[in-house]
Amino acid sequence: MVGYFSKEKASSQNNNLACILTFPPFQRKGYGKFLIAFSYELSKLEGKIGSPEKPLSDLGRLSYRSYWTRVLLGVLSEHRRPLSVDEISQIT
C-alpha cells in the first residue's frame with residue numbers, strides 16, 4: 001500500500017476528498033496525483049462538483065497545484081482555441 005484517501009458521502013461544503021495520504025517512501029513519485037485524479041473521476045461518476053477539504057497541508061497544496069497545472073495545460077494544448085470556464089469545467 002502506498003497511501004489512501006477518504007471521501008465524504010454527503011458533504012455540506014461540496015468536498016470531493018476529505019483526506020489524502022501518501023506514505024513517505026512513496027512521496028514525489030506521482031501516487032498523490034493519481035489519488036487526486038481518482039477522487040475526481042469518482043466525483044464525475046456521481047455527477048458532483050467539488051474540491052478537497054480545507055485547509056490543505058503544504059504538500060497537499062503543492063500536489064493539487066501540480067495536478068491542476070498538468071490537467072489544465074493538457075486541456076488547453078489539446079483544444080487550441082479559447083475555452084470558457086464552463087467548457088473547461090465540463091472537460092475536466
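**View 1. Helices H1 and H2 are roughly perpendicular to each other in this predicted model.** H1 covers residues 31-46, and H2 covers residues 58-79. The two helices pack at an angle of about 65°. Angles from 65 to 115 degrees count as roughly perpendicular, so the pair falls in that class. Their axes lie 10 Å apart. The crossing of H1 past H2 is right-handed.

**View 2. Residues of H1 meet residues of H2.** H1 contributes Lys33, Ile36, Ala37 and Tyr40. From H2 come Ser63, Tyr64, Ser66, Tyr67, Trp68 and Arg70. By type, this contact divides into 6 nonpolar, 2 polar and 2 charged residues.

**View 3. The largest nonpolar core has 6 residues.** Its members are Leu17, Ile36, Tyr40, Tyr64, Tyr67 and Val71. The largest share, 3 residues, comes from H2. In soluble globular proteins, nonpolar side chains tend to be buried together.

**View 4. Tyr40 is a member of the largest nonpolar core and part of the contact of H1 with H2.** Tyr40 touches Tyr64, Tyr67 and Trp68, among others. Its contacts also include Asn16, Gly50, Ser51 and Pro52. Residues up to four places away in sequence are not counted here.

**View 5. Ser39 is buried in helix H1.** Its relative accessible area is 0%. Buried means under 20%, so Ser39 qualifies. Ser39 touches Phe5, Lys7, Asn16 and Leu17, leaving aside residues up to four places away in sequence. Of these, Leu17 also belongs to the largest nonpolar core, and Asn16 is also touched by Tyr40.

Notes. Residues are numbered from 1 along each chain as its sequence is written. This is a predicted model: local features need pLDDT of at least 70, side-chain atom pairs count only at pLDDT 80 or more; totals for chains, interfaces and linings use all residues. Side-chain values use heavy atoms; hydrogens and water are left out. Helices (H or I, at least four residues) and strands (E, at least two) are DSSP runs, numbered from the N terminus. Buried means under 20% relative accessible area, exposed over 50%, partly exposed in between (1.4 Å probe, protein chains only). Contact means heavy atoms within 4.5 Å. Axes are lines fitted to C-alpha atoms, for helices over the stretch in contact, and angles run from 0 to 180 degrees between N-to-C directions. Angles under 35 degrees count as roughly parallel, over 145 as roughly antiparallel, 65 to 115 as roughly perpendicular and the rest as oblique. A crossing is left-handed if the near helix is turned anticlockwise from the far one by less than a right angle, and right-handed if clockwise. Ala, Val, Leu, Ile, Met, Phe, Trp, Tyr, Cys and Pro count as nonpolar, Asp, Glu, Lys and Arg as charged, and the others, Gly among them, as polar. A nonpolar core is a set of buried Ala, Val, Leu, Ile, Met, Phe, Trp, Tyr and Cys residues joined through side-chain atoms within 4.5 Å.
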